[in-house]
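Please review the following briefing on helix packing and strand pairing alongside the sequence and the 3D view.

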Amino acid sequence: MSGHVRHLYVHLPFCAHRCGYCDFVTVVGREGEHDRYVDAVLQELELERGSLADSLETIFLGGGTPTFLNAAALERLLRALPSAAEVAVEANPETVNSELAALLRDCGVNRISLGAQSFGPQLLAVLERSAQPDDVRRAYYALRDARFDNISLDLIYGIPGESSADLDRDLDEALALEPDHLSCYELEAKPGTRFTHTFGDELARQADAMEGYFERVVERLTEAGYRWYETANFCRPGAPAGAADFRASHNLAYWLGRDYVGLGIGAVSTVAGERRRNLPSLARYVTALGGGAVPPPRELEHIDSTTSRQERVLLGLRLDEPLPLAGLETALDATALERLEALGLATVAGTAAGPSVTLTPRGRFLGDGVTAELLA
């Protein structure tokens, strides 16, 4: 009997280098362990088969750098995964060439998230990124030549040393490539990292400029015809009817509160009111799954109804589409909602299915602050 979960995440932690600002679960190098890790991931997949539906909507390979995995191991993994309507892979530009692009396409991948981060060599140096602007362009065109028609570019703003002119240049360069999707994130450097130690003063200065940068990103991309469908995400519009929907379907499942299964070290699953997080130890993960039907070491969290409703509000209000309020009433402060609506930060509308709430553009710029006020 199959399960109900239609979204699958696979974490591939291997990287050539760990960037100073990164706080993801990563492992540098370890090329000799790629095959054993894929063996373990596929064993975990077998353990989770009962949770997964017969037909999946999305699969996402994230990292780390999934395309740093050796080609044979990556192909073996992709061919062993279930089929899905959207199969997306994160890629660093320096790892992408025509051969890899063809391999991904042949293995059923139909969406690529390309980590450009910036088109300024001096800013890439600050981020410790090895790919240069020409590497981004080469990778992008190699993917287009391999018939990928759903490519996303990742950009970061608020980098130490970045100016408004630098941001405009990055947006100009990204738009010139005409990607189908753009993810634009403000730089978040966790306290205590070597990045914050090195650039602490400049990060504090950039924090004051973040709101202006954010508004500039939205202004430039919406003027270029992109839909601002989620706080940090933009896509080419899907209209007219029948055209492709270029929103990131896998991430959309998270924002809509859908259940999902995560495989690999550090991966999170949310299934039937329980959140599981695999511990980040590569050795413990591979050892546990190498023995057969033994789940990897995990942290477990029961998600009670209050937490579930609050998370639905927090994530749902990041989107540009109305959030239905049915069943969420106890998570919202009705007085705060009235006040925010009067201030032009939120809109409440009645539909046949019941009332819904959407943040206005002004409300979306204030984002988490508005949402925090709304929570009961």
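At what angle do the axes of helix α1 (residues 34–48) and helix α2 (residues 71–80) cross? The two axes cross at roughly 10° and come within 10 Å. This is a predicted model, in which local features need pLDDT of at least 70, side-chain atom pairs count only at pLDDT 80 or more, and totals for chains, interfaces and linings use all residues. Residues are numbered from 1 along each chain as its sequence is written, and side-chain values use heavy atoms, with hydrogens and water left out.

**Helix packing**
- The crossing makes α1 roughly parallel to α2 (angles under 35 degrees); axes are lines fitted to C-alpha atoms over the stretch in contact, with angles from 0 to 180 degrees between N-to-C directions.
- From α1, residues D35, V38, D39, V41, L42 and L45 meet A73, R76, L77 and A80 of α2 (heavy atoms within 4.5 Å).
- By class, this contact of α1 with α2 has 7 nonpolar, no polar and 3 charged residues (Ala, Val, Leu, Ile, Met, Phe, Trp, Tyr, Cys and Pro are nonpolar; Asp, Glu, Lys and Arg charged; the others, Gly among them, polar).

**Three-stranded sheet**
- An open sheet is formed by 3 strands in the order β12-β13-β14, with antiparallel pairing (at least two DSSP bridges between two strands; helices, H or I, have at least four residues and strands, E, at least two, as DSSP runs numbered from the N terminus).
- Because β12 (268–271) and β14 (298–302) each have a single partner strand, one side of each is left without a neighbour in the sheet.
- Between β12 and β13 (residues 274–278) there are 4 bridges, and V271 stands opposite E274 in β13.

**Hairpin**
- Strands β16 (residues 346–351) and β17 (residues 354–359) run antiparallel and are joined by 6 bridges.
- A hairpin connects β16 to β17 through 2 residues, and T351 stands opposite G354 in β17.

How values were computed. Parallel < 35°, antiparallel > 145°, perpendicular 65-115°, else oblique.
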